[in-house]
Amino acid sequence: MAILEVNDIHKRFGAAEVLKGISFSLEKGSSLAIIGSSGSGKTTLLRCLNFLEKPDRGRITVQDEVLFDAGDPGTQAEPEIRKKRLNFGLVFQAFHLFPQYTVLKNITLARELLEKERQKTQGTSAPQKEIDADAAALLAQMGLVGKEKAYPHQLSGGQQQRVAIARALALKPKILCFDEPTSALDPELTGEVLQVVRSLANKKTTMVIVTHEMAFARDVADHILFMDEGLIVEEGPPEQVFGNPREERTRQFLARYSSEP
Amino acid sequence: MSNAQTIVSRLVDSFQLNVQLFFLTLLFSLPLGLVIALCAMSRFKPLAIVTKTFVWMIRGTPLMLQVIIIFFAPGLLNFGAPWGSGASARFTAATIAFIINYACYFSEIFRGGIQGVPIGQTEAGQVLGMTRAQIFFKVTLLQVIKRILPAMSNEVITLIKDTSLARIISIKEIIMMAQEYTAQGLIWPLFSTGLFFLVFVGLLTILFSRLEKRLDYFRV
């Protein structure tokens, strides 16, 4: 059964229609890679899923709960949206860690605030010990043991991005989204981040990955979406999209990518 | 000699007015400046426009004139005597003029500082389920403070020196006090007032460089 269903998402910025009707679904525990040239709408789509952009049309459903419906204003109230966002985690291209907090605090801050709120509304919350232990486990999983007390500027880009992944995972999102997670990194640092994403895929984390790393997408994703000019041109399992693309535009795009490394 | 001692002690007393005006202005204009900055950035356009116009008027006219207007206008417009009477009324009026004036300057510094924080910081907070208030106080604010400290230090240093403008409505601050002696043919008291400001600004400079060091542990 699909954990995520996206129906007919449209998004326009001024005169430019960036998304022209995007529909897809995602199975629990599977990973989806979205590929396509710059300006094809991949990032906007991801931002719509995380409620950073409001689609003009369309519907987003997670586990049969309609999170967003452009035709139903009831689904768009600000306090609700804040809660609905927690279905998704987002890892940004440029990390956006909080510079004034240690690595550990970057990971625990949002959870601490949510637990405090839960204490107030429901009278129960996870103790600080548990929050810290969970964060320590995530750091270990990211290969960042010993960096708890470091500040973001003291870390390499690859380490910062791994902290950002841990920060997103700390809220246990149902679906983890990546927006070109390695595009801001030096080539020698992309490997360590891709490794971490791969290990998440092996653990059956449900993921949506926007990426320019074709070899990685082919290797890790269960399903590929190729987008061009705001539309899904082709989708399917990686062997098919990469090995035997049906559409001319997909072939052209892949040819461009294999010729310019 | 005892005459010189008297003069110095009277200068010290009068400088207390400058210092009082300084601290009262800071105490109220900092929060008010933040409110003005938030209004100027409001997505509700009329509020932003009204606020920006107000800031333009305050920054566009001399503080000395504003002190005069705040002090005299209520009486001239038949609003009675909202500031009370006597020396305390003059001090109240000057304080209010200073608070409004400095709040407007601070608001522009705050606005620049807030808008200088990358939007990615806010978005990172949003996708982590934080409220707008949580994002502002837990994520943005300290980064804003770090960014604006140098500009704030400039403005605060200007403030202590501006306090002597209060003499325009006969508040006997240090320069006005010293000028009484100039009228009697004694010039050194007036010259010596510079030392009071120098020492005070020296202390402010040390304070600000300490604050900047305190925030040195992270980069924005």
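Colleague: Let's start with one residue. Which residues does A:Leu32 touch, not counting residues up to four places away in sequence?

Modeller: This is a predicted model, and in it A:Leu32 is in contact with A:Leu26, A:Met207, A:Val208, A:Ile209, A:Ala221, A:His223 and A:Leu225, once residues up to four places away in sequence are left out.

Colleague: How should I read a set of contacts like that?

Modeller: In soluble globular proteins, nonpolar side chains tend to be buried together. Here, A:Leu32 belongs to the largest nonpolar core, which has 77 residues. A:Leu32 is among the residues with the most contacts inside that core, along with A:Ile34, A:Ala166, A:Cys177, A:Val197, A:Val208 and A:Ile209.

Colleague: How many residues are in the second, separate core, and which residues does it include?

Modeller: That second core has 30 residues, and B:Ala37, B:Tyr102, B:Cys104 and B:Ile160 are included in it.

Colleague: Let's turn to chain B, then. How many helices and strands does chain B have?

Modeller: Chain B has 8 helices and 0 strands, so its elements read α-α-α-α-α-α-α-α from the N terminus on. The C-alpha trace of chain B spans about 70 × 50 × 25 Å along its principal axes. Of its 220 residues, 31% count as buried.

Colleague: What share of the contacts in chain B with a separation of 6 or more comes from residues 24 or more positions apart?

Modeller: Such residues account for 72% of those contacts.

Colleague: Now a helix pair. At what angle do H7 and H8 of chain B pack?

Modeller: Helix H7 (residues 174–183) and helix H8 (residues 188–214) of chain B pack at about 160°, and their axes are 8 Å apart. Angles over 145 degrees count as roughly antiparallel, which makes H7(B) roughly antiparallel to H8(B). Their crossing is right-handed.

Colleague: Which residues meet there?

Modeller: From H7(B) come B:Ile174, B:Ile175, B:Ala178, B:Gln179, B:Tyr181 and B:Thr182, and they meet B:Pro189, B:Leu190, B:Thr193 and B:Phe196 of H8(B). By class, this contact has 7 nonpolar, 3 polar and no charged residues.

Colleague: And between the chains, how many residues of chain B are in contact with chain A?

Modeller: There are 19 residues of chain B in contact with 19 residues of chain A. On the chain B side, helix H5 (119–127) and helix H6 (132–162) each supply at least two residues. H5(B) gives the most, with 6 residues. The residues on that side of chain B divide into 9 nonpolar, 7 polar and 3 charged.

Key:
Residues numbered from 1 in each chain as written. Chains lettered and ligands numbered in written order. Predicted model: local features only at pLDDT ≥ 70, side-chain atom pairs only at ≥ 80, totals over all residues. Axes fitted to C-alpha atoms, helices over the stretch in contact; angles between N-to-C directions. Helix = DSSP H or I, 4+ residues; strand = E, 2+ residues; numbered from the N terminus. Parallel < 35°, antiparallel > 145°, perpendicular 65-115°, else oblique. Left-handed = near helix turned anticlockwise from the far one by under 90°. Contact = placed C-beta atoms within 7 Å. Nonpolar A, V, L, I, M, F, W, Y, C, P; charged D, E, K, R; others polar. Core = buried A, V, L, I, M, F, W, Y, C linked by C-beta atoms within 7 Å. Buried ≥ 20, exposed ≤ 12 C-beta atoms within 10 Å, placed from the backbone.
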